[in-house]
Amino acid sequence: KIMKILLINPPYLESVYQGIKKAVQIQMPLGMAYLAAVLEREKFPVEVLDANAEGLSIEETIERICHSSAEIVGLTALTSLIGIVYKIAWGVRERCNKKIIVGGIHVTFFPTETLRECAAIDIIVRGEGEETILELARKNFNPSLDIKGISFRGDDNKIISTGERPRIENLDSLPHPARHLFPLKNYRPSALFDIGAKSKSAPIITSRGCPSRCRYCSSLQFWGPKIKFRSVQNIIDEIEYLVARYDIKQLSILDDYFLSSKQRTSEFCDNIITKGIKIKWWCYSRLDALIEPELFRKMKRAGCYGLNFGAESGNQEILKRAQKNINLNQVRQVIKQAKREGFLVMASFMVGLPGDNKTTVMETINFAKELNPHIAQFCITTPFPGTELYQEALQKGWMKDVKSWDDVGPHVKTKFRNDDLTSEEIYDLYNMANKVFYLRSRYLFQLFRHLLKRPEQARGFFMAGAYMVSETMLRD
């Protein structure tokens, strides 16, 4: 008998976000959509439950799983969601006892710990999951030593981890995400990247990996140092399908480093322009090199309206210690250039990096004010698994008050500290950064001018502002 697998995106909107929920993006889990697509292509029965998009509680999610005819349950686990995943796994084990598989970035780095902490989980899938899930399906989801990239319990309850699975070399060999299995009407972009297209928005990924060595990011350890690219033709085929089949108006390009190849970006834009594809899109960009004005303008013609930059700190020594290979003058030039070309510019900054103290955090806040992006995202430094920062935090006792992964996160009341700042000071500085940046006449004047030219973005900014106010009121 061929076993059916039910893939689950856990519910997290209520627990992770405190403010007005309608401002928060609900995004289709692309990784899960790729898994569903490879299973479908090989004729394995698969269904999907996006509990987050459907607004289910943990209890309702467990009920839906137990009422499903699927014998296998596959859950995805980010670090911030691992507690929710455990609760779902225990609930399923107690009520309907289906076999539970968990994949994702957290369990990739903590497979043994996960299996020890949650006996309800049967199999861990580490790293890229498409080829691994197919092998498991072919073996009726019975783990064995010859399946690479998994961890499970042996006969004597001893935890076994098989060898690492090589990365997928040819991303064009993967089918496009199985979007038809997901509740597409329930998804929406982040308020600040909402250009009025409402539900006509979709995420895509055109490459996997990042060559940078930033100490706070797990991408290098997860993907390895080499970027793997989809061909431009493969990407264009997906976009044309999204426009024709789902009337998509807006794309979020989620690559770690979309502009890593200027030639590829230029070819991508040429195809969009030549084929007359009507689409708006934003992407993550870089601060370590100026972009030629011609490429920026071509991107604009091809529908790019927003760029998201990781500036992180306003102190050069802090950047150096974090192995963020940029300098402050570069940052100034690139942000200025992007704003001059008319892009919606977002820049992110971190509070509590190694070496940060009250003085350096104020330098970061002042640097953000100087750059004056349309959106400044301040985040609390979080030592995610798989990062050098996590190892340093363990060695130096910066996490001694952290009892579970619910105690840390980019936007929660953290229990992480560094040598110079307590967790309370980090959280207070994070709150102050948002107030100091956004409640300025210079910022409000810039925003007014920006929205006069682009009124379609006004609703998004209004919703984001309402979210920030409501979140502040709900904080401890």
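I count a disulfide as a pair of cysteine sulfur atoms within 2.5 Å. The model I am working from is a predicted one.

**Entry 1: the disulfide**

By that rule I get a count of one disulfide. The partners are C66 and C96, and their sulfur atoms sit 2.1 Å apart, inside the 2.5 Å cut-off. As a reminder to myself, a disulfide is a covalent bond between the sulfur atoms of two cysteines.

Which parts of the chain does the pair tie together? I found C66 in helix α3 (residues 58-67) and C96 in the loop between α4 (82-95) and β4, so the bond links parts that are 30 residues apart in sequence. I also looked up the torsion about the S-S bond of C66 and C96: at about -70°, it makes this disulfide left-handed.

**Entry 2: the sheet**

Next I traced the strands. Seven of them make an open sheet, and I read the order as β2-β1-β3-β4-β5-β6-β7, with mixed pairing. The edges are β2 (46-50) and β7 (159-161), each of which pairs on one side only. Ignoring direction, neighbouring strands of this sheet are turned by 20° against each other on average.

I then checked what packs on the sheet. Helix α7 (residues 130-138) does, touching β1 (5-9), β4 (99-103), β5 (123-125) and β6. The direction of α7 makes about 145° with that of β5.

**Entry 3: the β5, β6 and β7 end**

In what sense do β5 and β6 pair? They are antiparallel, with three bridges. Strand β6 (residues 150-153) also pairs with β7 in the antiparallel sense, again over three bridges.

I followed F152 across these strands. F152 in β6 is the bridge partner of I123, and F152 also stands opposite I160 in β7.

The hairpin of β6 and β7 has five residues between the strands. I looked at N157 there and found that this residue takes a positive phi near 70°.

**Entry 4: a surface patch**

Last, I went looking for nonpolar side chains on the surface. Which residues form the patch? They are F445, F448 and L452, and together they have about 360 Å² of accessible area. I placed F445 in helix α17, which covers residues 441-453.

Conventions:
Residues numbered from 1 in each chain as written. Predicted model: local features only at pLDDT ≥ 70, side-chain atom pairs only at ≥ 80, totals over all residues. Heavy atoms only, no water. Patch = residues over 30% accessible without salt bridge, like charges linked within 9 Å, V, L, I, M, F, W, Y side chains within 5 Å. Areas by Shrake-Rupley, 256 points an atom, 1.4 Å probe, with all protein chains shown as cover. Salt bridge = Lys/Arg side-chain N within 4 Å of Asp/Glu carboxyl O. Helix = DSSP H or I, 4+ residues; strand = E, 2+ residues; numbered from the N terminus. Pairing = 2+ DSSP bridges. Axes fitted to C-alpha atoms, helices over the stretch in contact; angles between N-to-C directions. Contact = heavy atoms within 4.5 Å.
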